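Have a look at the sequence and the structure first, and then we can start with a single residue.

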Amino acid sequence: LNEGNPVPTPTQPSTGYAQGYVNTGALNIRTVPNPINNIPITYILRNTNVNVIGRNADSSWYQVSVNSVIGWVRGRYITVTSGNAGNAPVTG
């Protein structure tokens, strides 16, 4: 037992989800993976951490969870730091 140094709990699910951060100035979070047919829910700023919880078929969009908000962002604006977003389930 290592009482002085707690063991960190892994945050990456074993199902292939990923974590990353925003690599652009401000990024709209949308209700569906389409920039034209919907209004953004909110936006997140550069270096905001996100959890990738899904993707579209060609992985050009990621479904993310950030600050209790779930929505869609263009994949090219997320830098994946752990996991593999291509293994996330197709949800849109």
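Is Leu45 buried, partly exposed or exposed? With a relative accessible area of 47%, Leu45 is partly exposed, because that class lies between buried (under 20% relative accessible area) and exposed (over 50%), using a 1.4 Å probe and protein chains only.

## Ground rules

This is a predicted model, in which local features need pLDDT of at least 70 and side-chain atom pairs count only at pLDDT 80 or more, while totals for chains, interfaces and linings use all residues. Residues are numbered from 1 along each chain as its sequence is written, and side-chain values use heavy atoms, with hydrogens and water left out.

## Overall layout

The protein chain has 0 helices and 7 strands, where helices (H or I, at least four residues) and strands (E, at least two) are DSSP runs numbered from the N terminus. Along the sequence this reads as β-β-β-β-β-β-β.

Of the 92 residues in the chain, 30% count as buried. Among contacts (heavy atoms within 4.5 Å) with a separation of 6 or more, 55% come from residues 24 or more positions apart.

## Around Leu45

Leu45 belongs to strand 3, which covers residues 40-45. Once neighbours within four places in sequence are set aside, Leu45 is in contact with Val22, Thr24, Gly25 and Ala26. For Ala26, the C-alpha to C-alpha distance to Leu45 is 4.4 Å, although 19 residues separate the pair in sequence.

## How the strands pair

Two strands pair if DSSP finds at least two bridges between them. Strand 1 and strand 4 do this in the antiparallel sense over 4 bridges, and Ala18 has Val52 of strand 4 as a bridge partner.

Strand 4 also runs antiparallel to strand 5, joined by 4 bridges. Here Gly54 has Gln63 of strand 5 as its bridge partner. Strand 4 and strand 5 form a hairpin with 5 residues between them, and in the turn Ser59 has a positive phi of about 60 degrees.

## The nonpolar core

A nonpolar core is a set of buried Ala, Val, Leu, Ile, Met, Phe, Trp, Tyr and Cys residues joined through side-chain atoms within 4.5 Å. The largest one here has 14 residues, and those with the most contacts inside it are Ile44, Val50, Val52, Tyr62, Val73 and Ile78. At least two residues of this core come from each of strand 1 (18-22), strand 2 (26-30), strand 4 (49-55) and strand 5 (61-66). Strand 5 gives the most, with 3 residues.

Leaving out residues up to four places away in sequence, Ile78 touches Gly20, Tyr21, Val22, Asn23, Leu27, Val50, Tyr62 and Val73.

Which strand holds Arg30? Arg30 sits in strand 2, and it is buried, with a relative accessible area of 12%. Beyond four places in sequence, Arg30 touches Pro35, Asn38, Ile39, Pro40, Ile41, Trp61, Gly71 and Trp72.

Arg55, found in strand 4, is buried yet has no salt bridge, a term for a side-chain nitrogen of Lys or Arg within 4 Å of a carboxyl oxygen of Asp or Glu. The nearest side chain of opposite charge is Asp58, 7.1 Å away; Lys and Arg count as positive, Asp and Glu as negative, and His and the chain ends are not counted. A polar atom of the Arg55 side chain does lie 3.3 Å from the backbone oxygen of Ala57. Contacts of Arg55 beyond four places in sequence include Trp61, Trp72, Pro89 and Gly92.

## Asparagines with positive phi

Asn47 lies in the loop between strand 3 and strand 4. Its phi is positive, about 75 degrees, although Asn47 is not a glycine, and at 52% relative accessibility Asn47 counts as exposed.

Asn67 is in the loop between strand 5 and strand 6 (69-74). Asn67 is not a glycine either, and has a positive phi of about 50 degrees. With a relative accessible area of 66%, Asn67 is exposed.

Conventions
A polar contact is a pair of N or O atoms within 3.5 Å; within protein, one must be able to donate a hydrogen and the other to accept it, and residues adjacent in sequence count only if both atoms are side-chain atoms.
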